[in-house]
Amino acid sequence: MDSTTIRHLQESVALLPVGDLAPVHEFYRRLFELAPEVRPMFTREMDLQARKFSDTLAWVISHLEHHDELCRELRELGARHAGYGVKIDQYAPVGSALIWMFQRTLGDRFTPEMEEAWLEFYAFASFEMERGSREVAPATTSP
Ligand code: HEM
């Protein structure tokens with residue numbers, strides 16, 4: 001990821017309302033609309049889940065320049081997701097819901113360049129997470 005992409009990601013996150021989980025709740029609402037089959041996989045109280053998701057995303061976005069540490073965390077996160085039963089084809093609706101959350105929350109302030117940056121970031125993050133999930137459960141992810 002180049003420095004312009006990183007800047008677009010960080011600027012878009014900085015525009016989100018501070019300490020407000022409403023956008024993340026909107027993200028989950030959209031995810032469950034796009035992929036209702038994943039709803040039963042979330043057993044935690046959604047306020048707690050929203051906070052964990054938001055904290056993790058904030059950590060990731062603040063570590064974009066620390067490639068090795070970032071990849072290690074994403075792979076560990078992916079490995080845990082394999083344990084939650086997440087399958088590879090369930091990554092796409094999460095990416096769509098994430099971009100939708102920015103569009104809905106930021107409106108015109110979410111520029112096409114920011115959207116491009118999020119598409120690139122999500123492709124990278126889901127690749128690393130899937131890699132982590134394959135490392136932990138090779139037998140269950142092979143055809
Ligand atoms: C950028 C991508 C993602 C991030 C940052 C993320 C973040 C998180 C975090 C922080 C947790 C809390 C537990 C933990 O830390 O292991 C979690 C749990 C979970 N995530 Fe994700 N996640 C992502 C992608 C996905 C995808 C693609 C799915 C597929 C549906 C998913 C489904 C779940 C489920 C089912 C749980 C467990 C909920 C529960 O036990 O109640 N996540 N996620």
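What pattern does the protein follow when read along the sequence? Going from one end to the other, you get α-α-α-α-α-α-α. The model you're looking at is predicted, and its secondary structure comes to 7 helices and 0 strands.

Let's start with the overall shape. Laid along the principal axes, the C-alpha atoms fill a box of roughly 45 × 30 × 25 Å. A compact globule of 143 residues would have a radius of gyration near 15 Å, and the protein has 15 Å, so the two agree. Buried residues make up 17% of the 143 residues. As for how the chain meets itself, take the contacts between residues at least 6 apart in sequence: 82% of them join residues at least 24 apart.

Now zoom in on helix α2, residues 22-34.

Which residues of α2 are buried? They are Val24, Phe27, Tyr28 and Leu31. These four cover an arc of only 95° around the axis, which means they sit on the same side of α2. The spacing makes sense once you recall the helix geometry: an α-helix has 3.6 residues a turn, so residues three or four places apart point the same way.

And what do the buried residues of α2 pack against? Their partners are α3 (46-61) and α5 (91-106).

Conventions:
Residues numbered from 1 in each chain as written. Predicted model: local features only at pLDDT ≥ 70, side-chain atom pairs only at ≥ 80, totals over all residues. Helix = DSSP H or I, 4+ residues; strand = E, 2+ residues; numbered from the N terminus. Expected span 1.5 Å × (residues − 1). Buried ≥ 20, exposed ≤ 12 C-beta atoms within 10 Å, placed from the backbone. Arc of directions from axis to C-beta. Contact = placed C-beta atoms within 7 Å. Rg over C-alpha atoms; globule rule 2.2 N^0.38 Å.
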